Amino acid sequence: MGTPARQQIRQAHRAGGRRIAVLDDDPTGSQAVHDVAVVFELDPAEYAAGLTEPGATCFVLTNSRSLSADEAAGLSYRIGREVLELGERLGAPVSVVSRSDSTLRGHLMAEVRALDAAREAVLGQGFDGVLLVPAYLEAGRFTSDNTHWARVGGRAIPVGQTEFARDAAFGYRSSDLVDFVVERGAGAIDRRDVVALTLDDIRRGGPGRVAEILMQVRGGRFVVVNATSYDDLETVVLGLIAAEARGKAFLHRTGPSFVRALAGRGPRDPLTANEIWPQGRPAGHGLVVVGSHVDLTTRQVAAARRRGGLVEVELDVTALADPVRRQAHVAAAIDRAATALARSDVLVVTSRQLLAADDPSDALALSRTISAAVADVVRGLVPVGPQWIVAKGGITSHDVAVTGLGIRRGVVLGQLLPGLISVVQPIAARPEARGMPYIVFAGNVGGDETLADVIDVLRTNPR
């Protein structure tokens, strides 16, 4: 049944017919939820299929983190209009979540402004405010005293001091979220205009105090939400529901955890092989595809190699980035991997060197080029019949799903670790991919042995 707060949230959504549309800037945002729709093909008919029932939650994968700011804004505006127009046709309110990285990487201002413009175009007015809630509690990302923290190597570090803050495309300095909003605003936002919901407001004041603060927010101001637990997030949602009942409207820029709280959902135990393959696992082998280059991913790949049982096919990123060499290199990789799949699980991994790009937009373009080539390798392997696929990295997992597997829509069955690493069951996809467990594994989550542990679960024979 869940906690009283969760029950209240779900009841309010059902009574009001509310739907929750999550525009996810890469496919890893569903890691805290289960039994929700996830749409890879940007088609309003697919959104409608995922938002049929009152209280439904549907992830729409924009992959906008791989785009330029202008492209991301245009895509957010279009999808924002489409989901809000769907709400108008259903006669139901739609909560819009702009789900982004829990370590603050992404096109914050471009996407928020585009979604505000979309609401104004459809409903005649923009949002009163934007709740900024990057918490991803399962991965050790939380906010206290307005500072966002990331647990790295068992130690909590202000996020501005982590490797994520040095990202080539989305680097930043500030760990204090108020300062972060000002930094991202590039002179357009005054620090005094950013509202903070403190832990004291949430825990001592409860939903009433949260609603009181939210009722004073107008003009699209940012609201920094402090939270170190799901109790904090659910209290915020109850206050939000009260404010919305009195006419307020908020956009949400969040990490994965707030989506679970907003939907009124609880946790689910990690999936077992029996739950992934209730009719028994088919014979054959699996494919692990790694495109992420963060240090944690590199360590996880090394641990998976040590655990054994993988034939490795390395993709040379310099060859993938070279239009003259790319096609032949991809074809050779498909040939080697297809031969290996007949006898073993296969690891397809990009070489670990980072190609330099002076401009952030050039860095994104380079990432897209390499990721597209990785997806082409998977597309060539699908007819060979891998029985499961793990895709490591946000952009990689999107391109593998869309280009490699032709997934239009699926359902998130659950995760392989508590709140980490979603298993997606493709529903509308290429015939060979329908029903195949597709594991979306973010580059920056888990410990050094997590990739090896995930592979072991997928190798387990259901009883």
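**A tour of rings, cores and a loop**

Select Phe142: this residue is buried, with a relative accessible area of 18%. Buried means under 20% relative accessible area, exposed means over 50%, and partly exposed is in between (1.4 Å probe, protein chains only). The model is predicted, so local features need pLDDT of at least 70 and side-chain atom pairs count only at pLDDT 80 or more, while totals for chains, interfaces and linings use all residues. Residues are numbered from 1 along each chain as its sequence is written, and side-chain values use heavy atoms, with hydrogens and water left out.

**Ring pairs**

At 25% relative accessibility, Trp149 is partly exposed. Rings of Phe, Tyr and Trp (its six-membered ring) pair if their centres lie within 6.5 Å; planes under 30 degrees apart are stacked, over 60 edge-to-face, and the rest tilted. This rule gives two aromatic pairs. Phe142 and Trp149 form a stacked one, with 6.4 Å centre to centre and 10° between the planes. Now select Tyr172 and Phe180. Their pair is edge-to-face, at 5.4 Å centre to centre and 80° between the planes. Tyr172 and Phe180 are both buried.

**Charges over rings**

A charge sits over a ring if NZ of Lys or CZ of Arg is within 6 Å of the ring centre and within 35 degrees of the ring normal. Show Arg119 and Phe127. Arg119 lies over the face of Phe127, 5.4 Å from the ring centre. Then go to Trp277. Over its ring sits the charged end of Arg281, 5.8 Å from the centre.

**The cores**

A nonpolar core is a set of buried Ala, Val, Leu, Ile, Met, Phe, Trp, Tyr and Cys residues joined through side-chain atoms within 4.5 Å. Which residues touch the most other members of the largest nonpolar core? Select Leu131, Leu197, Leu214, Ile389 and Tyr438, out of 76 residues. Helix 7 (residues 230-245) gives the most to this core: eight residues. Helices (H or I, at least four residues) and strands (E, at least two) are DSSP runs, numbered from the N terminus. Another core, of 40 residues, lies apart; Tyr47, Leu67, Leu75 and Phe127 are among them.

**Last stop: Pro54**

Find Pro54 in the loop between helix 2 (44-50) and strand 3 (57-61). Pro54 is partly exposed, at 38% relative accessibility. Leaving aside neighbours within four places in sequence, Pro54 is in contact (heavy atoms within 4.5 Å) with Arg14, Gly17, Arg18 and Arg19.
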